[in-house]
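Morning, everyone. Please bring the sequence and the model up on your screens, and I'll walk you through them.

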Amino acid sequence: MEKFVYLFHEGNGNMKETLGGKGANLAEMTRIGLPVPYGFTISTQACNAYYDAGKTIPSIVESQVLGALTNLEEKMGKKLGDAKNPLLVSVRSGSVFSMPGMMDTVLNLGMNDETVIGMGDLTNNPRFAYDSYRRFIQMFSNVVLDINTYYFEQLLEETREQKGYHADPEMTAEDWKEVIEGYKGIVKKHTKKDFPQDPKEQLFLAINAVFDSWNNQRAIVYRRLNKIPDHLGTAVNIQSMVFGNMGDDSGTGVAFTRNPSTGEHVLYGEYLINAQGEDVVAGIRTPQPIQTLKDEMPAVFKQFADTCKRLEQHYQEMQDIEFTVERGKLFILQTRNGKRTAQAAIRIAVEMVEEGIIDKKTALLRVDPDQLNQLLHRRIDDKYERTLLAKGLPASPGAATGQVVFDADEAEELGNAGKKVILVRPETTPDDIHGIVAAQAILTSRGGMTSHAAVVARGMGKACICGCEALKIDVKAKQFTVEEKVINYGDVITIDGSTGEIMLGEIPMIEPQLSDEFQLLLAWADQERKIGVRANADNPEDARKAFEFGAGGIGLCRTEHMFMDLKRIPIVQKMILAESFNERKEALDELLPMQQGDFEGIFEAMQGFPVTIRLLDPPLHEFLPDKEELLVEVTKLQILDPSSPELKKKELLLKKVRQLDEFNPMLGHRGCRLGMVYPEIYEMQAKAIFYAAAKLADKGMEVQPEIMIPLVGHVNELKQMRQLVVDAAEKVQEETGKQFEYTIGTMIEIPRAALTADQIAEEADFFSFGTNDLTQTTFGYSRDDAEGKFLQNYIENKVLPENPFAVLDQEGVGRLVEMGVRLGREAKPTLKTGICGEHGGEKTSIDFCYKTGLDYVSCSPYRVPLARLAAAQATIRHESNKEEVYTTA
């Protein structure tokens, strides 16, 4: 008989796919003897069986749940629904990969009109019992019966105000009884049924709700963002309740074994006295720092600190731990690998190596390359004056400026329209995730460092400030006030997530400084990786930045970007509009020294590393004015000033623009096709490269120019263009008397080039796979049109797993790359191969490049550190089959 339900002592930490992350950790903590409340886990397979059965719990699962419940009742000496000695349980989700706050939880299940009396008698604390009952009704009604929490919160707030209370702990047992009757009325009004009193009915309704929450909107969005497969399902953990709201000797909290923002090796977290777990993470009350527990409950704090150390040593990872203290007794409810910022991830990985907990290879696998982007962004420039509005808790580092918005939908709408916004809320919930994704930063007036907003923002690398109680937020009026100051919807503020400061207006930012740990980790990565990392850079400034970030050369220098300079455009247009070879040559002679200067700067910046220079690629019309705008200008002049000399000039320009206009410029007269028709253009560029090489050789500097011929589809194109470059080199060497080394290759960006790579390799010293265009030509997609019109729909509806322009399509485009490498090296074993599309800076694509045997990847300068780390991870994984799950994603 298939097993769907496991008691905690029957599992272990290696059973994540069956028990989910939470269930596996509960089982592992039970196994090593930590104080974990008894319970059992319903497996992820049961979730899939539930969906297979049309969202019904199969009888075999139901039977095993009841058997496990009986076992739990025997261990606890209590029974679910027993009026005098009731067992109360929590029902929590637990997917294979951590999805904090995305799915649903029900606490205090088993409460009803009878058991609440029994709980009051047993604990001699009726107030606690009725408080627990009202919490259960509210949570169950929201999660299981789908009634908005707002109705319950509104009634509770009205009751508090009516009685003159400021906080929940002031409420008496009689007050809670009154609230409970009101809550039941809300349930009756919305469901037309009484609140369910049978605890077993409650249990199975809650299990259904947790299974259903696997496919709620926020969970689907979170999975899509974090690339978590939809088929995994969620486990359900049923655990006996322990209570942090039984008085001043009880409490609940969340803590990290190290600071998740900075990585500092200190206990970091928060707790609340006389509270249940959801009070900490929901942001309803602002909690106390974990260190103050040392004064309030010294024995409990010592036991907790020792437990944290033990858990970190056991898992060899920074842990995120949920705990409850019930009448002075500590219980560990959950542990998992803690989410952290990029700087914290790096510091923790490096320090754990230094502490002897992990080795260097494991440290490299611990840091998600995507998160390195957080370290390469700007921070507030201290030189500028700040108008400080308020200060909250620095929940996620980084700085951001944006317009204030108060609604997640508005944040998404404005963010998608290209506006920079900061989402301001009393607190965020998982339903706000789409707004958080679109916003530059998040600001809340309630909640602490482990609230939903803080955890999600840190995971995304967004600045976040929480618990800023000085902010009085009026969501309906779309404004917040700080003392006398009113900030309205659309006003601009700046926040510093590292200090918790909120400032009025926009403040300039400066480039970041990289930590010693960051540089050390990347040095370890360079020792491990067996694939080169270059940068795409089109000017000396970008080349210097690439060198600073550790690039081992330039993998793509796009020479057309040099032509786009405002001072050069008139000369370029003169070249294009030339009616004769001599006119065109005259313009090219003006451009040559400019290009030479560009190349000298780039060669100098790269200090002897190879520089791959792509000769002119785009169609010529891109350097001319827009046809429609020009037509409007000509028409205006024809009407207003028909004898104007300007009109004649513009009419000639319009005629040339129409001649050069193409139905499909992506596949038109561009790349090597330009060089074939106008060889003088490519000759000028080749000479500029070689003059620059000769000049630097004269200074005693080494240069390694690699001349790339773009858009080759037939070997004869490359053969002819190669000869042109060789001839130019010989002329410059003869003229200058300087000798220099160079290579000639091509960009493989057309399927035919990959299919005939053996022929093309005969004329090439290197291949660089231009996977942006290769993706366009393989799919038959125009990138701008596809991304703007239908690609997102394809991804949402799972027609495609990813945007193929962001993540390399390994099944189609990747197969052409593999074929190009194999055929090319069969013809020329010494052929150097690389990739220079945007995929060169994406971690899964880099992994593919390593497996395919490419010599290097090339990406934008700011993605070079990411690529260095991802290249090391690919080497480690494939050479040792070592698996690690990123804990920073």
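One definition to start: helices (H or I, at least four residues) and strands (E, at least two) are DSSP runs, numbered from the N terminus. Now the ground rules. This is a predicted model, where local features need pLDDT of at least 70 and side-chain atom pairs count only at pLDDT 80 or more, while totals for chains, interfaces and linings use all residues. Residues are numbered from 1 along each chain as its sequence is written, and side-chain values use heavy atoms, with hydrogens and water left out.

Let's take the whole chain. The protein chain has 35 helices and 31 strands. Its radius of gyration is 32 Å, close to the 29 Å that the globule rule gives for 889 residues, so the chain is as compact as a globular protein of that length. That radius is taken over C-alpha atoms, and the rule is 2.2 Å times the number of residues to the power 0.38. The C-alpha atoms fill a box of roughly 105 × 65 × 55 Å along the principal axes.

Next, burial. Buried means under 20% relative accessible area, exposed means over 50%, and partly exposed is in between (1.4 Å probe, protein chains only). Of the 889 residues, 58% are buried. The chain exposes about 37400 Å², and carbon and sulfur atoms supply 48% of that. Those areas come from the Shrake-Rupley method with a 1.4 Å probe; for residues, only the protein chains shown count as cover.

Contacts, then. Contact means heavy atoms within 4.5 Å. Take the contacts with a separation of 6 or more: residues 24 or more positions apart account for 70% of them.

Phenylalanine 304 sits in helix α12, residues 298-315. Its relative accessible area is 0%, so phenylalanine 304 is buried. What does phenylalanine 304 contact, leaving aside neighbours within four places in sequence? The list is Ala255, Leu267, Ile290, Ile321, Phe323, Leu330 and Ile332. For a sense of distance, tryptophan 214 is 90 residues from phenylalanine 304 in sequence and 32 Å from it in space, C-alpha to C-alpha.

The second one is leucine 774, in helix α30, residues 771-779. Leucine 774 is at 0% relative accessibility, so it counts as buried. Not counting residues up to four places away in sequence, leucine 774 touches Ile748, Glu749, Ile750, Pro751, Val813, Leu816 and Val817. Methionine 503 is 271 residues from leucine 774 along the chain, and their C-alpha atoms are separated by 46 Å.

On to charges. Lys and Arg count as positive, Asp and Glu as negative; His and the chain ends are not counted. The chain has 100 positive and 132 negative charges, and their mean positions are 1 Å apart. Each charge is placed at NZ of Lys, CZ of Arg, CG of Asp or CD of Glu.

A salt bridge is a side-chain nitrogen of Lys or Arg within 4 Å of a carboxyl oxygen of Asp or Glu. How many salt bridges does the structure hold? It holds 59. Here are some of them.

Arginine 223 and aspartate 230 meet at 2.8 Å, N to O. Arginine 223 has 1% relative accessibility, so it counts as buried. Aspartate 230 is partly exposed, at 29%.

Lysine 383 and aspartate 381 meet at 3.3 Å, N to O. Lysine 383 is exposed at 70%, and aspartate 381 is buried at 7%.

Glutamate 604 and lysine 699 also form a salt bridge, at 3.3 Å, N to O. This pair links distant parts of the chain, 95 residues apart: glutamate 604 is in helix α22 (581-606), and lysine 699 is in the loop between α26 (679-698) and β27 (704-709).

Salt bridges link Arg127, Asp131, Arg134, Arg135, Arg160 and Asp168.

Glutamate 717 lies in helix α27, residues 715-736.

Asparagine 108 has a positive phi, near 65 degrees, and is not a glycine. It lies in strand β4, residues 105-109, and is buried at 0%. Asparagine 124 also has a positive phi, about 55 degrees. Asparagine 124 sits in the loop between α4 (115-123) and α5 (126-143), and counts as exposed at 69%.

Over to you for comments.
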